[in-house]
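Welcome, and let's look at this structure together.

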Amino acid sequence: MSATANSNKERVFIFDTTLRDGEQSPGATMTLEEKIQVADALDEMGVDIIEAGFPIASQGDFEAVVAVAKHVKKARVAGLARAITADIDRAGEAVRHAQQGRIHTFVSTSPIHLAHQMKKTEDEVIEIIALTVAQARNLIDDVEWSAMDATRTPLEFLKRCVETAIKAGATTINLPDTVGYAVPDEHFRMFKTIIESVPGADKAIFSVHCHNDLGMAVANSLAGVAGGARQIECTINGLGERAGNAALEEVVMALRTRGDAMPFYTDIETTHLARASRVVAAAANFPVQYNKAIVGKNAFAHESGIHQDGMLKNAETYEIMTPASVGIKETTLVMGKHSGRAAFKDKLKELGYELGDNAFQEAFQRFKDLADRKKHVYDADIVALVDDEVGSV
Ligand code: KIV
Ligand code: ZN
């Protein structure tokens with residue numbers, strides 16, 4: 001997008017976590033070579049921060065973060081660390097190879113996690129935040145702190161945690177919806193309240209990180225931005241734990257397409273989105289559902305007669321963005337039982353046929369009969385039925 005188009009809009013940073021949270025998707029493990037391919041696609045597309053992995057998780061993860069850090073040319077490279085000294089040291093060791101590195105450290109803040117997983121009191125958690133964020137800040141200038149399960153954390157305690165993290169030197173504060181529990185209005189209010197009431201909040205960039213358990217990850221991410229977040233954490237194809245994370249291609253295209261309603265922009269070159277989707281699907285061996293927004297096989301395909309007729313007259317009738325804007329060559333008018341005369345005529349023309357009225361009516365009827373019997377009507381089927389028709393005249 002041009003600077004002029006964005007002159008009255010605010011920038012939102014895109015933090016891609018396909019290589020970390022995305023890889024936590026069961027069955028989506030990637031090799032080092034595949035991670036480099038994904039990192040390249042993300043870097044070329046203009047992602048601001050690439051979370052390359054969790055260096056303490058394994059030797060392989062550490063090496064992958066180092067390799068991505070050395071390889072990437074433009075983006076910042078982040079490594080994840082629990083609020084544990086050894087994790088933070090390991091993340092620091094991995095991201096120091098990047099031109100611009102970030103340590104991303106997190107701790108749980110919700111009563112459920114404190115009671116059952118961490119067995120810590122609120123005061124103990126506050127102390128952990130102060131110590132671990134300060135440790136990370138001693139290693140690197142760019143430190144992100146996350147409140148795991150923020151959306152199930154009482155606001156008063158969340159405020160104390162955020163204030164402590166900022167005082168200890170965190171430059172980005174992430175409030176994740178770890179279990180995909182939030183609803184947009186509530187998410188908006190959480191960000192707004194924290195940003196407006198925590199002392200020192202203006203010194204940090206706030207980040208939104210949403211999971212898709214209730215199918216609201218993208219809506220919640222946009223609500224977070226409306227509430228003051230200026231970084232969105234997301235993954236290509238919405239890959240991620242359980243039902244996944246907010247899909248990068250969806251948040252980016254929502255901001256681009258509805259800039260009139262949401263005055264924000266990203267620096268993503270959107271024509272790279274379809275390719276990035278293919279690279280990630282292949283690397284993670286994770287197919288993209290046909291009706292996936294923006295990058296699915298059907299995202300720019302039309303079968304119904306009414307829609308095809310509209311599309312042939314003016315694409316804006318049924319498309320709110322062009323396929324080219326996301327790197328897809330063209331709209332497809334799928335020939336099936338819902339297709340009408342206009343699309344059939346257009347298909348015949350594309351295949352090199354111009355039939356007289358009677359022959360056209362006959363061919364159209366035969367096409368409809370075939371479409372009723374067959375799920376997919378291919379160009380070859382149409383050629384065969386027209387050749388039959390023409391031959392029989
Ligand atoms: O969902 C989550 O809470 C996370 C954190 C590690 C940031 O992925
Ligand atoms: Zn997550």
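Two strands pair if DSSP finds at least two bridges between them, and strands here are DSSP runs of E with at least two residues, while helices are runs of H or I with at least four, numbered from the N terminus. This is a predicted model, in which local features need pLDDT of at least 70, side-chain atom pairs count only at pLDDT 80 or more, and totals for chains, interfaces and linings use all residues. Residues are numbered from 1 along each chain as its sequence is written, and chains are lettered from A and ligands numbered from 1 in the order in which they are written.

Q: How do you know that β7 and β8 pair?
A: Pairing takes at least two bridges, and 6 bridges join β7 to β8, which run parallel. In β8, F206 is the bridge partner of I173.

Q: What makes β6 and β7 a pair?
A: They are joined by 3 bridges and run parallel, against the at least two that the definition asks for. T172 in β7 is the bridge partner of E144. From β6 the chain crosses through helix α6 (residues 155-167) to β7, in a right-handed β-α-β crossover. Right-handed says that, with the strands pointing away from the viewer, the path from the first strand over the helix to the second runs clockwise. β7, helix α7 (residues 184-197) and β8 also make a right-handed β-α-β unit.

Q: Which strands make up the closed barrel?
A: The barrel has 8 strands in the order β2-β3-β4-β5-β6-β7-β8-β9, with parallel pairing. From one strand to the next, the twist averages 25 degrees, where axes are lines fitted to C-alpha atoms (for helices over the stretch in contact) and angles run from 0 to 180 degrees between N-to-C directions. Strands β2 (residues 13-16) and β9 (residues 231-234) pair in the parallel sense over 4 bridges. In that pairing F15 stands opposite E233.

Q: Why is H209 called buried?
A: A residue is buried if 20 or more other C-beta atoms, placed from the backbone, lie within 10 Å of its own, exposed if 12 or fewer, and partly exposed in between. H209 has 29 C-beta neighbours inside 10 Å, so it counts as buried. H209 lies in strand β8.

Q: Is K119 buried or exposed?
A: K119 has 9 other C-beta atoms within 10 Å, so it is exposed. K119 sits in the loop between α4 (111-118) and α5 (122-139).

Q: What makes R242 partly exposed?
A: R242 has 13 other C-beta atoms within 10 Å, so it falls in the partly exposed class. R242 is found in the loop between β9 and α9, and has a positive phi of about 50 degrees although it is not a glycine.

Q: Which residues does the "binding site" annotation cover?
A: The unreviewed UniProt entry gives D21, H209, H211 and N245. They span 225 residues in sequence, yet no two of their C-alpha atoms are more than 10.4 Å apart, so they gather at one spot. UniProt positions are given in the numbering used here, feature names are shortened, and annotations may be inferred rather than shown by experiment.

Q: Why does N245 count as buried?
A: N245 has 33 C-beta neighbours inside 10 Å, so it counts as buried. N245 is placed in the loop between β9 and α9 (248-257).
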